Each structure stands twice: as C-alpha cells, then as structure tokens.
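Please look over the sequence and the model first.

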Amino acid sequence: MVGPQRPQFVLFGSSIVQLSYRNGGWGAVLADIYSRKADILLRGYNGWNSRLALQVVNQVFPKDAAVQPSLVIVYFGGNDSVAPHPTCLGPHVPLSEYIDNMRKIAIHLKSLSEETRIIYLSPPPMNDEKYRESKSEQVRTNENCQIYSEACKSLCKEMGLKFVDLWSAIQKMDDWKNTSFTDGVHLSSEGSKVVVEEILKVLKEADWKPSLHPKSLTAEFGEYSTNYLVSPRLKHKL
C-alpha cells in the first residue's frame, strides 16, 4: 500500500462498473474529480448478478482488512432482471432472491466499519430496440429494469441506505434512448454524466460526518511546490 492514506471509494458491481473507466465512463470521471482526495477502486464483474456478488462479498470486503472503505457504491440488478432462460442458465435472479441478496450485501458492508458509507445504484433503463439489434439470446426489457429498480429503491428505504434512481434520472435526458447507451444497455459518456451528477448530489445532501463530497475533502500535499513559479507576494512551503 502506498501513502499517504486517502479515503477509499469502492465501486462494486457488474459490467456497468467494470466498464466505467472506458470512454468517459462514470468511474473515470469520479477518479478525476477526486484526484488527490480519494482513491477510487474498481471491483466490477461483467455478467454478474446479485447471487454471485453475495458469494464473494466477504472476499472483496474482508472484515479483518487493515483499512476499510469510506464509501461503497453498489450496482447489481440489470443482469438479475434478464428473463429466465429455458435452460435455467443465464444471469436471471428471481425478484425475491434479488432483494434478499442485496439486503445481505448491505448488512455485510454495514458491518465493516461505523465510518463505511453505502450508496446503491438502481438498474438504469435501456433501449429495447437498440438491444434487440445485438440478437442476444438474453431477453431484457425496460419494464423488467423498472421492476428491479423499484425493488432496490424500496429496500434502500427500508434499510436507510442512500439510493440513486438511475432508471428515472436517465429518462429525464433529452433523447435519452439514443444518447445514454453504447449498445442499448451499457452507458455512454452522456449516460455516465448522469450517474456522476446523481452520486455527487447524494454526497452533497448526505449528513455524513465527515462529508465525502469532493469540496469537503482536502487535496493531498495541497501546498505550493517549490518547483512552481509564484508571485513574490505569495509565501509557499512544502
């Protein structure tokens, strides 16, 4: 581990997280915003659902870790909402199990530290027509995305978790179906901007102490460097 120690923000989820460092993705944008203030750690797993996440949550977030994350942003649900396949294979997770899995994940994360904060992201909407062009065997619908999004929202209300309603927020964009996605499902840079805006809104409004909003965190080694040319009127030190 390198120092000095900064707050750790962990992004934990499926492909929406794994791909979030590509092409102006929301993970990369957060890393830029929190440069010198917090470390953004990526734990994204393409194709995963809440069932698989629950199986490894103890390994990804061990209770005996020397340093626990200050913030965990969790996203699962898009793959869970895929319609069941006749072979019984695929990522589908029944709604009741999805809720139970997400509850157990939250309970584990809450147990890490009194200072560990949690934000759940809902499944975003999707462009059904664009997705069908991929001719995937997986059946995804915007209707199912909404059902799992509402279930996630209700769970967060029940458990007192911070929640970002991506299903609603993205649909407020102009021409959202054509601008928010790369393939009808995964987020474009425009869709990622909404994710970042909504996360920052939650961080600004949360009454957490200390605040994790970027304007509340101090930049590492924020003093002037002796290598910089500065006005003679300004004093600087390292």
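Y131 has a relative accessible area of 9% and is buried, since the cut-off for burial is under 20%. The model is a predicted one.

**Y131**
- Y131 belongs to helix 5, which spans residues 128–132.
- Leaving aside residues up to four places away in sequence, Y131 is in contact with M126, S136, Q138, R140, D183, G184 and V185.
- L166 lies 35 residues from Y131 along the chain, and the C-alpha atoms of the two are separated by 18 Å.

**P125**
- P125 is found in the loop that runs between strand 4 and helix 5.
- The relative accessibility of P125 is 1%, so P125 counts as buried.
- Residues touched by P125, not counting those up to four places away in sequence, are N142, L166, W167, I170, Q171, W176 and F181.
- P125 and H186 are 61 residues apart in sequence, with a C-alpha to C-alpha distance of 9.9 Å.

**Helix 2**
- Helix 2 covers residues 26–33, and its buried residues include W26, G27 and L30.
- Viewed down the axis of helix 2, the buried residues fall within an arc of 100 degrees, and therefore they line one face of the helix.
- In general, an α-helix has 3.6 residues a turn, so residues three or four places apart point the same way.
- The cover over the buried residues of helix 2 includes strand 1 (8–13), strand 2 (39–44), strand 3 (71–75) and strand 4 (117–121).
- Helix 1 (15–18) and helix 9 (189–205) are also among the elements covering these buried residues.

**Helix 3 and helix 4**
- A packed helix pair is described by the angle between the two axes and the distance between them.
- Helix 3 (residues 50–60) packs with helix 4 (residues 95–110) at an angle of about 20 degrees, and their axes are 9 Å apart.
- Because angles under 35 degrees count as roughly parallel, helix 3 and helix 4 are roughly parallel to each other.
- The crossing of helix 3 and helix 4 is left-handed.
- On the helix 3 side the contact is made by S50, R51, A53, L54, V57 and N58, which meet E97, Y98, N101, M102, K104, I105 and H108 of helix 4.
- Sorted by class, the contact of helix 3 with helix 4 has six nonpolar, four polar and three charged residues.

Key: Residues numbered from 1 in each chain as written. Predicted model: local features only at pLDDT ≥ 70, side-chain atom pairs only at ≥ 80, totals over all residues. Heavy atoms only, no water. Buried < 20%, exposed > 50% of the residue type's maximum accessible area, 1.4 Å probe, protein only. Helix = DSSP H or I, 4+ residues; strand = E, 2+ residues; numbered from the N terminus. Arc of directions from axis to C-beta. Contact = heavy atoms within 4.5 Å. Axes fitted to C-alpha atoms, helices over the stretch in contact; angles between N-to-C directions. Parallel < 35°, antiparallel > 145°, perpendicular 65-115°, else oblique. Left-handed = near helix turned anticlockwise from the far one by under 90°. Nonpolar A, V, L, I, M, F, W, Y, C, P; charged D, E, K, R; others polar.
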